[in-house]
Protein chains: 2
Amino acid sequence: MSDLNLRPARVTRQIGVEPLRVSGTHYRTIWIAESGTVRAIDQSRLPFELATIDLETLADAAQAIKTMAVRGAPLIGATAAYGMALAARSNPSDAHLAEAARTLQATRPTAINLLWALTRMRAVLAEVQPKERVDVAFREAAAICDADVEQCRLIGVHGLELIRGLAKTAGRRLNILTHCNAGWLACVDWGTALAPVYMAHDAGIPVHIWVDETRPRNQGAALTAFELGAHGVPHTVIADNLGGHLMQRGQVDLVIVGSDRTTAGADVCNKVGTYLKALAARDNGVPFYAALPASTIDWSLQVGSAVPIEERSPDEVTHITGRSSSGRIETVRLVPEGSTALNLAFDVTPARLVTGLITERGICSASRAGLQRLYPELRAAQ
Amino acid sequence: MSDLNLRPARVTRQIGVEPLRVSGTHYRTIWIAESGTVRAIDQSRLPFELATIDLETLADAAQAIKTMAVRGAPLIGATAAYGMALAARSNPSDAHLAEAARTLQATRPTAINLLWALTRMRAVLAEVQPKERVDVAFREAAAICDADVEQCRLIGVHGLELIRGLAKTAGRRLNILTHCNAGWLACVDWGTALAPVYMAHDAGIPVHIWVDETRPRNQGAALTAFELGAHGVPHTVIADNLGGHLMQRGQVDLVIVGSDRTTAGADVCNKVGTYLKALAARDNGVPFYAALPASTIDWSLQVGSAVPIEERSPDEVTHITGRSSSGRIETVRLVPEGSTALNLAFDVTPARLVTGLITERGICSASRAGLQRLYPELRAAQ
């Protein structure tokens with residue numbers, strides 16, 4: 001672990017809570033190593049190994065996004081920004097940067113943060129001469145990362161008040177269900193859905209998290225459980241099938257998920273299975289929130305059915321990777337030879353099932369009006 | 001495989017379709033071997049190995065149910081019946097049989113077929129002298145098995161007409177989603193939810209099955225995919241998270257599931273996650289049916305919230321077993337050390353979400369009135 005760049009949590013200090021910890025050390029998900037290399041936590045090796053991956057080229061960045069060594073909508077955007085900087089380092093010409101943006105955009109279709117980051121990088125780079133572009137690009141990528149951290153912190157601040165209110169009403173430990181991983185591993189730091197959880201825990205509000213394992217990639221079992229465990233937040237991993245039953249039994253007080261793309265009409269596209277939890281929350285009167293920064297909002301789309309849904313390899317369904325009793329990381333096949341699988345990675349939760357959106361500017365109703373109230377200037381830009 | 005008792009499909013012949021096949025051979029899930037041993041397919045080794053397990057004693061039968069070497073509500077009942085016969089073979093006294101019934105009843109709490117079979121066996125055995133009980137018990141267990149096969153066949157006949165009607169309306173291949181395994185492996189033969197599917201396929205109606213993998217035990221990925229593949233029914237394995245999205249996209253025409261216990265008010269207790277699919281079906285106007293024989297109805301309960309829900313080992317969530325690339329069967333850990341899991345095996349789908357029940361007596365509405373119309377004599381017995 002000596003190659004990990006240890007940086008104290010700049011922003012967490014501001015609100016007086018302990019930084020997020022992994023074995024007592026605070027990490028971001030992506031940073032610049034002393035050598036000048038872009039370095040990221042290799043999430044494909046969690047939860048059993050905390051290793052890093054160095055991104056030296058545009059191709060490295062694209063590959064890391066595509067293979068999900070880095071994943072999570074905000075982190076995909078941040079990595080794409082660094083991918084543009086790496087592309088500029090190799091060749092800062094307009095043509096090459098346009099090609100680089102196309103390459104990065106093609107890695108994953110659903111998370112709108114990817115397009116958002118690329119658009120922002122291209123706009124900034126278009127303003128300066130090629131010879132200045134490497135420096136400008138690395139500065140802008142760093143600014144995107146810092147802004148993401150601050151946005152997530154603010155999501156945490158607003159979500160904390162929501163949790164505080166529900167905990168006060170409940171008068172006991174609050175059970176919060178989350179799907180997939182929308183924690184600090186999905187962002188640069190803090191997380192979206194989990195930022196309020198960390199702040200509540202650190203503020204002494206008793207919370208317990210139901211962690212959907214989130215098949216097929218098991219981001220819940222592998223990443224959310226890892227994060228929460230490292231931070232000391234009480235949690236229990238459950239099969240994706242169980243959340244509805246727990247809600248029927250009154251054992252879920254709140255659902256918070258992230259979002260990979262939220263439409264202007266507040267439909268929430270998120271990891272596949274989110275919609276099922278939203279239906280169960282509605283059926284049982286459980287508040288259901290999505291937490292997201294502005295970069296996740298796609299103002300060009302009104303309804304979620306227009307969001308492109310990524311189809312990934314069937315191997316992610318037919319096979320699974322874990323650690324054998326001998327300590328080896330093994331991939332095993334789960335289905336009979338001859339049976340195939342379909343692996344669509346996201347679904348869309350209609351706004352009507354969403355209680356509210358937790359953003360860096362506050363909490364709003366899941367509606368066009370709610371979003372427009374918080375982001376009047378972005379609406380105007382459309 | 002030479003130790004498998006190959007019996008031609010007695011009942012399937014009657015409707016003129018091919019028997020269910022595994023590599024061209026027709027199996028029941030449980031039978032009496034030539035040696036007089038009770039022999040069953042060891043479902044814990046599927047889909048990678050088709051092996052059998054011999055049940056020589058009451059303890060063997062109880063263990064096979066508990067470890068899910070045999071599983072599925074009807075098959076649990078059939079195995080428990082043979083467990084009573086094995087108990088009688090060792091000691092046919094009233095006291096021993098009462099103890100045997102308690103032992104078997106304690107194996108799994110949710111499937112009501114278990115209690116139903118034990119009650120039926122005890123009633124029959126109480127009528128005869130101890131010295132006659134071994135023969136009577138084996139005959140009665142065989143009768144329970146034969147009746148189950150016939151009930152499942154009739155469920156298939158009634159469900160076939162439902163599928164035929166929907167296929168005619170659709171005018172294309174019908175996409176049917178099922179959860180867990182309610183096929184012939186869950187019963188003695190045919191299956192409940194899958195009996196109509198097999199009959200439709202054999203009748204030339206084009207069907208394609210979405211197979212929920214059904215975490216944590218993966219009965220869908222392991223057993224339903226195996227069954228359907230062996231019979232040549234087109235199917236695709238999906239993560240449990242995907243069904244809702246497929247329904248939103250109009251890619252599911254019908255949901256059929258089994259049931260482990262159906263209340264007198266027609267609430268359907270079935271494998272955990274069923275409720276989530278029922279919610280999605282309702283939200284998207286997809287017909288949702290449960291297929292079950294009378295032995296699965298608990299006339300003593302009105303609402304599903306009173307059904308005891310089995311809690312199984314967290315290891316079934318934290319670990320998974322599959323076949324490695326070298327062909328070894330390996331169990332791997334999926335969650336970080338220090339993270340725990342909760343493993344509740346069933347949930348309850350309220351009758352309001354169920355379009356209808358497919359029984360051996362026909363299809364009825366999911367309501368007390370619907371069930372009473374089909375089973376007037378059972379209602380009267382309460």
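Buried area is the accessible area (1.4 Å probe) that two parts lose on being put together, summed over both. I started with that term for the pair of chains in this predicted model.

**Ground rules.** I noted that local features need pLDDT of at least 70, side-chain atom pairs count only at pLDDT 80 or more, and totals for chains, interfaces and linings use all residues. Residues are numbered from 1 along each chain as its sequence is written, chains are lettered from A and ligands numbered from 1 in the order in which they are written, and side-chain values use heavy atoms, with hydrogens and water left out.

**Between the chains.** I looked up how much chain A and chain B bury between them: about 4700 Å², with 58% of it on carbon and sulfur atoms. On the residue side, 62 of chain A are in contact with 62 of chain B (contact means heavy atoms within 4.5 Å).

**Salt bridges.** I counted a salt bridge where a side-chain nitrogen of Lys or Arg is within 4 Å of a carboxyl oxygen of Asp or Glu. How many are there between chain A and chain B? I found eight. One pair I looked at is B:Glu213 with A:Arg215, whose closest N and O atoms are 2.7 Å apart. Over all chains, the search of the whole structure gives 44 salt bridges. Inside chain A, A:Arg172 pairs with A:Asp253, the closest N and O atoms being 2.8 Å apart. That pair links distant parts of the chain, 81 residues apart: A:Arg172 is in the loop between α6 (133-170) and β4 (174-178), A:Asp253 in the loop between α9 (243-248) and β7 (254-257).

**Helices, chain B.** My helices (H or I, at least four residues) and strands (E, at least two) are DSSP runs, numbered from the N terminus. Axes are lines fitted to C-alpha atoms, for helices over the stretch in contact, and angles run from 0 to 180 degrees between N-to-C directions. I took α3(B) (residues 73-90) and α5(B) (residues 112-126): their axes come within 7 Å and cross at roughly 30°. That makes α3(B) roughly parallel to α5(B) (angles under 35 degrees count as roughly parallel, over 145 as roughly antiparallel, 65 to 115 as roughly perpendicular and the rest as oblique). The residues of this contact divide into eleven nonpolar, two polar and one charged. For these classes, Ala, Val, Leu, Ile, Met, Phe, Trp, Tyr, Cys and Pro count as nonpolar, Asp, Glu, Lys and Arg as charged, and the others, Gly among them, as polar.

Next I checked α3(B) against α6(B) (residues 133-170), and they pack at about 170° with axes 8 Å apart. So α3(B) is roughly antiparallel to α6(B). Residues making the contact include B:Tyr82 and B:Leu86 of α3(B) and B:Phe138 and B:Cys145 of α6(B). I get 14 nonpolar, no polar and three charged residues there.

**Helices, chain A.** The axes of α5(A) (residues 112-126) and α6(A) come within 10 Å and cross at roughly 145°. Among the contact residues are A:Trp116 and A:Met121 of α5(A), and A:Glu140 and A:Ile144 of α6(A).

Most residues other than glycine have a negative phi, and most peptide bonds are trans. I found a cis peptide bond joining A:Leu46 and A:Pro47, omega about 5°; A:Pro47 is in the loop between β2 (38-41) and β3 (52-55) of chain A. In chain B, a cis peptide bond joins B:Leu46 and B:Pro47, with omega about 10°. A:Thr214 is not a glycine, yet has a positive phi of about 70°.
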